[in-house]
Amino acid sequence: MTEEEIRRAGAEDVPAVKAVTDAAYRHYIERIGQVPQPMERDHAAYVAAGRVFVTGEPVVGLVVVEAYDDHLYVDNIAVHPDAQGTGVGRRLLEFVDAHARALGLPEVRLCTNAKMWENQKIYPRFGYEVVERRVDGPYDRVHYRKPLR
């Protein structure tokens, strides 16, 4: 696999999926006052369900998606800190758009914690618009959508 390829994760990737997710989100724990939800996910179950796609050898980035009737939901997108700024996140977001189109879905949705300011600067650059800010349990989230034209 070349570094640019994105593939569906297999069972052998579960440790890397956990490691990349933990590395990407660990620094937010203090800022938001709790463990970010992606760190607590059942990575093995998501991989087994075919929802996780990875890139890099070793894995440096991943995206977790779920298809609904009217949109593709991005549950998690994570890039290892050592690979941030190298285009991995851009390639993953482009993959998400292509995957949604291949499934015949008209838009992509995602959310981020309101205290993850970096993400709120990134998503609009890729065509995402804020839908709402909503508190979901202990999480203050900004919800986004991206219509696919």
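**Labels and cut-offs**

Y73 has R109 as its bridge partner in strand 5. This is a predicted model, where local features need pLDDT of at least 70, side-chain atom pairs count only at pLDDT 80 or more, and totals for chains, interfaces and linings use all residues. Residues are numbered from 1 along each chain as its sequence is written, and side-chain values use heavy atoms, with hydrogens and water left out.

Q: What joins strand 4 to strand 5?
A: 3 bridges do, and the two strands run parallel. Strands pair if DSSP finds at least two bridges between them. Strands (E, at least two residues) and helices (H or I, at least four) are DSSP runs, numbered from the N terminus.

Q: Why do strand 1 and strand 6 count as standing at the edges?
A: The open sheet has 7 strands in the order 1-2-3-4-5-7-6, with mixed pairing. Strand 1 (6–8) and strand 6 (129–136) each have a single partner strand, so one side of each is left without a neighbour in the sheet. On average, neighbouring strands of this sheet are turned by 30° against each other, direction ignored.

Q: What does helix 1 lie across?
A: Helix 1 (residues 14–25) lies across strand 2 (52–55), strand 3 and strand 4, and runs at about 80° to strand 4. Axes are lines fitted to C-alpha atoms, for helices over the stretch in contact (heavy atoms within 4.5 Å). Angles run from 0 to 180 degrees between N-to-C directions.

Q: Which strands does helix 5 touch?
A: Helix 5 packs on the sheet and touches strand 1, strand 2, strand 3, strand 4, strand 5 and strand 7 (139–147). The direction of helix 5 makes about 160° with that of strand 4.

Q: What makes R7 and D13 a salt bridge?
A: Their side chains meet at 2.6 Å, N to O. The term asks for a side-chain nitrogen of Lys or Arg within 4 Å of a carboxyl oxygen of Asp or Glu, so the pair qualifies. A search of the whole structure finds 15 salt bridges.

Q: Why is D13 called buried?
A: D13 has 6% relative accessibility. Buried means under 20% relative accessible area, exposed over 50%, and partly exposed in between (1.4 Å probe, protein chains only). R7, at 25%, therefore counts as partly exposed.

Q: What does the salt bridge of R109 and D70 tie together?
A: The bridge spans 3.4 Å, N to O. R109 lies in strand 5 (residues 107–113) and D70 in the loop between strand 3 (61–67) and strand 4 (72–79), so the pair ties together parts that are 39 residues apart in sequence. R109 is partly exposed at 28%, and D70 is partly exposed at 39%.

Q: Why is the pair of Y123 and Y128 edge-to-face?
A: The ring centres are 5.8 Å apart and the planes are at 65°. Rings of Phe, Tyr and Trp (its six-membered ring) pair if their centres lie within 6.5 Å; planes under 30 degrees apart count as stacked, over 60 as edge-to-face and the rest as tilted. Y123, at 7% relative accessibility, counts as buried, and so does Y128 at 4%.

Q: How do you know that the charged end of R51 sits over the ring of Y46?
A: The charged end is 4.2 Å from the ring centre. The label needs NZ of Lys or CZ of Arg within 6 Å of the ring centre and within 35 degrees of the ring normal.
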